[in-house]
Amino acid sequence: MTGENERFHYAPIHGKPGDAEPAQRLPFDLAGLRVIGTLAICGIDETVTTANVGPSVSVSITQYVRLSDESLIRLDMDRGFTDVRSGAREDVSWKRTADDLIAEILDLVQGDDRHNPGVHPWEDLAEAARMRGVDVDGSTLRELPYQVLLTDELIVHFEL
């Protein structure tokens, strides 16, 4: 704190002490919003993996739909990968091109359907969005932009 008059303030979720009723949350109204795109946010996954003996880096891929008010709704269809370098060198380079990394990410977010490999799971994404109250179908998602966003940490780590 920089001054004597500055103080931290917070608003408890459950109201004031002694209140019989907890604070009420208002429902999030999606009725007036439309989906304008789908995106994957990719970053370094800090989850500790004990199976890898050599240097490794894990990447998380979290998918969202973007609504017309620019809000994001997480679809809980997360993916990811771990890259391992064999050999016990201390200064390992993870350098790769942005095109190669994005191509790998786009490959990983495709469905696991053995009968239709390489097909993006638009219907699965739409179903996940509908489960969260977003009215959209797979054919609509297919026509909208799909963006891959990389965190600053991931860009630095892969020397992009």
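The model is a predicted one, in which local features need pLDDT of at least 70, side-chain atom pairs count only at pLDDT 80 or more, and totals for chains, interfaces and linings use all residues. Residues are numbered from 1 along each chain as its sequence is written, and side-chain values use heavy atoms, with hydrogens and water left out.

The chain has four helices and five strands. Helices (H or I, at least four residues) and strands (E, at least two) are DSSP runs, numbered from the N terminus. Read from the N terminus on, the order of elements is β-β-β-β-α-α-α-β-α.

Contact means heavy atoms within 4.5 Å. Of the contacts between residues at least 6 apart in sequence, 61% join residues at least 24 apart.

The chain has 160 residues, and 28% of them count as buried. Buried means under 20% relative accessible area, exposed means over 50%, and partly exposed lies in between (1.4 Å probe, protein chains only). The accessible surface of the chain is about 11300 Å², and carbon and sulfur atoms account for 51% of that surface. Such areas come from the Shrake-Rupley method with a 1.4 Å probe; for residues, only the protein chains shown count as cover.

Next come the salt bridges. Side chains of opposite charge can pair when their charged atoms come close. A salt bridge is a side-chain nitrogen of Lys or Arg within 4 Å of a carboxyl oxygen of Asp or Glu. The structure holds five salt bridges.

One of them joins Arg66 to Glu70, with the closest N and O atoms 3.1 Å apart. Are these two partners buried or partly exposed? Arg66 counts as buried because its relative accessibility is 18%, whereas Glu70 counts as partly exposed because its value is 48%. Glu70 sits in the loop between strand S2 (56–67) and strand S3 (72–74). Its phi is near 75 degrees, a positive value in a residue other than glycine.

Another salt bridge is formed by the side chains of Arg74 and Asp76, at 3.3 Å from N to O. Arg74 has 38% relative accessibility, so it counts as partly exposed. Asp76 is in the loop between S3 and S4, and Asp76 has a positive phi of about 55 degrees although it is not a glycine. Both residues belong to a network of salt bridges that links Arg74, Asp76, Asp78 and Arg132.

The side chains of Arg96 and Glu104 also meet in a salt bridge, with 2.6 Å from N to O. Glu104 is partly exposed because its relative accessible area is 26%. Arg96 is also touched by Asp83, whose other contacts, not counting residues up to four places away in sequence, are Pro55, Ser56, Val57 and Trp94. Asp83 lies in strand S4 (residues 79–84). With 18% relative accessibility, Asp83 therefore counts as buried.

Some charged residues form a surface group instead. Which residues gather in the patch of negative charge? They are Asp113, Glu123, Asp124, Glu127, Asp135 and Asp137. Patches are made of residues with over 30% relative accessible area and no salt bridge; like charges are joined within 9 Å, and nonpolar side chains (Val, Leu, Ile, Met, Phe, Trp, Tyr) within 5 Å. Lys and Arg count as positive and Asp and Glu as negative, while His and the chain ends are not counted. The place of a charge is taken as NZ of Lys, CZ of Arg, CG of Asp or CD of Glu.

Asp113, one of the patch residues, lies in the loop between helix H1 (98–108) and helix H2 (122–131). Asp113 is partly exposed because its relative accessibility is 36%. Glu123, also in the patch, is 16 residues from Ser139 in sequence and 7.6 Å from it in space, C-alpha to C-alpha. Ser139 is in helix H3 (residues 138–143). Since its relative accessibility is 38%, Ser139 counts as partly exposed.

The loop between H1 and H2 also holds His120. His120 is buried because its relative accessible area is 15%. Leaving aside neighbours within four places in sequence, His120 is in contact with Gln63, Val109, Gln110, Leu125 and Tyr146. The C-alpha atoms of His120 and Gly138 are 10.0 Å apart, and the two residues are 18 residues apart along the chain.
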